Amino acid sequence: MTPALLLAESAPATQSFAAAMLIILVTAAVVAVVFRKLRLDSIPGYLVAGVLVAPYSLGLVKNMDAADQISHLATVLLMFTIGLHIDISAMQRGMVHIVAAAVISTLAVTAVLWSVFLLLGIPRPAALILAMAASISSTAVLVRILMNRRELQSQHGRVALGVSIVQDLLSVVFLASIPLILAWAGV
């Protein structure tokens with residue numbers, strides 16, 4: 001039995017923020033070690049760890065407020081880390097082209113995926129939400145791959161990072177449009 005499971009079983013029904021953080025960190029460390037032994041990148045391992053500790057999966061973290069606060073903290077730290085790798089002056093040179101490429105490619109992928117999901121029999125609103133989610137790439141994974149290949153400062157690395165950052169901004173627009181899509185669906 002892992003230390004995180006032991007902590008979760010011994011934790012009271014009202015789990016503290018510190019206990020939730022400890023469970024998440026221990027689980028992430030164990031999963032990262034397993035992924036390293038399998039010669040896999042650790043970022044997907046952290047996603048697996050998040051799924052494992054989530055209140056609605058194995059339920060290792062029972063305190064929804066603590067899980068929410070920790071996820072916000074993790075998002076801020078992730079964005080800070082990504083921000084450290086951005087060369088603003090290099091991005092500004094081709095900003096119009098990067099923004100156009102990001103918007104056009106993301107909307108095109110959304111349209112294609114929406115059509116595929118409709119062909120699979122998924123209702124229109126659900127298919128659109130799934131297509132929007134699937135059309136966004138992970139900036140954290142991209143930065144890690146580009147850093148490992150030492151291509152972050154290359155021309156294609158800067159363009160890929162710029163497109164990914166614009167997609168991050170588009171994801172906010174996509175999330176804001178979900179209530180409109182749900183209203184369209186009659187929910």
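At what angle do the axes of helix H8 and helix H9 cross?

**Entry 1: helices H8 and H9.** I opened the predicted model and looked up this pair. Helix H8 covers residues 139-148 and helix H9 covers residues 155-185. I found that their axes come within 10 Å and cross at roughly 170°. Angles over 145 degrees count as roughly antiparallel, so H8 is roughly antiparallel to H9.

I then listed the residues that make the contact. H8 contributes Thr-139, Leu-142, Val-143 and Leu-146. From H9 I noted Gly-157, Ala-160, Leu-161, Ser-164, Ile-165 and Asp-168. I sorted the residues of this contact into 6 nonpolar, 3 polar and 1 charged.

**Entry 2: nonpolar cores.** I next asked which residues form the largest nonpolar core. This core has 7 residues, namely Ala-20, Ile-23, Val-53, Leu-60, Val-61, Ala-66 and Ile-70. Helix H2 (17-37) and helix H4 (64-84) each supply at least two residues of the core.

Leaving aside residues up to four places away in sequence, Ala-20 touches Gln-15, Val-61, Ala-66 and Ile-70.

**Entry 3: confidence.** Finally, I looked up the confidence of the prediction. The protein has an average pLDDT of 81, and 86% of the residues score at least 70. Over residues 4-8, I noted that the pLDDT is below 50. Beyond near neighbours in sequence, the stretch of residues 4-8 has 11 contacts in the model.

Terms used: Residues numbered from 1 in each chain as written. Predicted model: local features only at pLDDT ≥ 70, side-chain atom pairs only at ≥ 80, totals over all residues. Heavy atoms only, no water. Axes fitted to C-alpha atoms, helices over the stretch in contact; angles between N-to-C directions. Helix = DSSP H or I, 4+ residues; strand = E, 2+ residues; numbered from the N terminus. Parallel < 35°, antiparallel > 145°, perpendicular 65-115°, else oblique. Contact = heavy atoms within 4.5 Å. Nonpolar A, V, L, I, M, F, W, Y, C, P; charged D, E, K, R; others polar. pLDDT = per-residue confidence, 0-100. Core = buried A, V, L, I, M, F, W, Y, C linked by side-chain atoms within 4.5 Å. Buried < 20%, exposed > 50% of the residue type's maximum accessible area, 1.4 Å probe, protein only.
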